[in-house]
Amino acid sequence: MLLFKMGISTSLNIRGIIATQDIKKNTVIERCPVILIEIKYESFLEKTRLSSYYFTWDKKYHCIVLGYGSISNHSKNNNITFLKDKKNKIMIYKTIRDVRKGEELTIDYSNDLDGETYPEHTDFHKKIGKLGL
């Protein structure tokens with residue numbers, strides 16, 4: 001059973017992922033398979049609707065995350081993060097603090113627990129930072 005549902009973000013008024021129950025810190029909320037795409041195809045990826053949904057996997061690949069993980073909205077006050085299981089090609093999403101029922105599950109697009117940063121989101125962060133999100 002999922003611990004969340006699709007809903008409307010109260011802060012952004014767009015599609016978001018909403019907790020359907022209280023969720024404790026360090027709870028894995030989803031394990032998502034990924035589709036790897038060589039970085040050399042980034043310019044093609046950027047011309048598609050997927051340009052807003054891909055992650056950097058490593059120095060050779062970007063990835064499209066299947067499942068709900070890739071549609072999490074951004075917040076610098078995020079309550080979930082992601083970890084890469086590179087061996088199994090899975091992205092794991094988990095809470096980084098307690099989350100209340102009805103709260104939107106958000107992620108910081110700029111980094112993850114592997115300590116990597118994502119330059120493809122730099123322009124996005126400049127824009128979103130002005131909104132205080």
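Phe 44 is exposed, at a relative accessible area of 53%; here exposed means over 50%, buried under 20% and partly exposed in between, using a 1.4 Å probe on protein chains only. This is a predicted model, where local features need pLDDT of at least 70 and side-chain atom pairs count only at pLDDT 80 or more, while totals for chains, interfaces and linings use all residues. Residues are numbered from 1 along each chain as its sequence is written, and side-chain values use heavy atoms, with hydrogens and water left out.

A search of the whole structure turns up 4 aromatic pairs. To pair, rings of Phe, Tyr and Trp (its six-membered ring) need centres within 6.5 Å; planes under 30 degrees apart are called stacked, over 60 edge-to-face, and the rest tilted. Phe 4 and Tyr 68 make an edge-to-face pair, with 5.2 Å from centre to centre and 80 degrees between the planes. Phe 4 sits in strand β1 (residues 4-8) and Tyr 68 in the loop between β5 (61-65) and β6 (73-74), so this pair ties together parts 64 residues apart in sequence. Strands here are DSSP runs (E, at least two residues), numbered from the N terminus.

Phe 4 is buried at 5% relative accessibility, whereas Tyr 68 is partly exposed at 29%. Back to Phe 44: its ring centre is 6.3 Å from that of Tyr 41 and the planes are at 40 degrees, so that pair is tilted. Tyr 41 is partly exposed, at 39%. Then there's a cluster: Phe 55, Phe 82 and Tyr 93 go together as one aromatic cluster.

Thr 95 belongs to strand β8 (residues 90-95) and is buried, with a relative accessible area of 0%. Its side chain has a polar atom 2.7 Å from the backbone oxygen of Lys 24, and it also reaches the backbone nitrogen of Thr 27 at 3.0 Å.

Leaving out residues up to four places away in sequence, Thr 95 touches several others, including Ile 23, Ile 29, Asn 79 and Ile 80. Contact here means heavy atoms within 4.5 Å.

## Glu 103 in its loop

Glu 103 lies in the loop between β8 and β9 (106-107), and it's buried too, at 13% relative accessible area. The side chains of Glu 103 and Arg 97 make a polar contact at 2.5 Å (N or O atoms within 3.5 Å; within protein, one able to donate a hydrogen and the other to accept it, with sequence-adjacent residues counting only if both atoms are side-chain atoms).

Ile 18 is 85 residues away along the chain, yet its C-alpha is 5.6 Å from that of Glu 103. Ile 18 is also among the residues Glu 103 touches, as are Ile 17 and Ala 19.

Conventions:
Helices (H or I, at least four residues) and strands (E, at least two) are DSSP runs, numbered from the N terminus.
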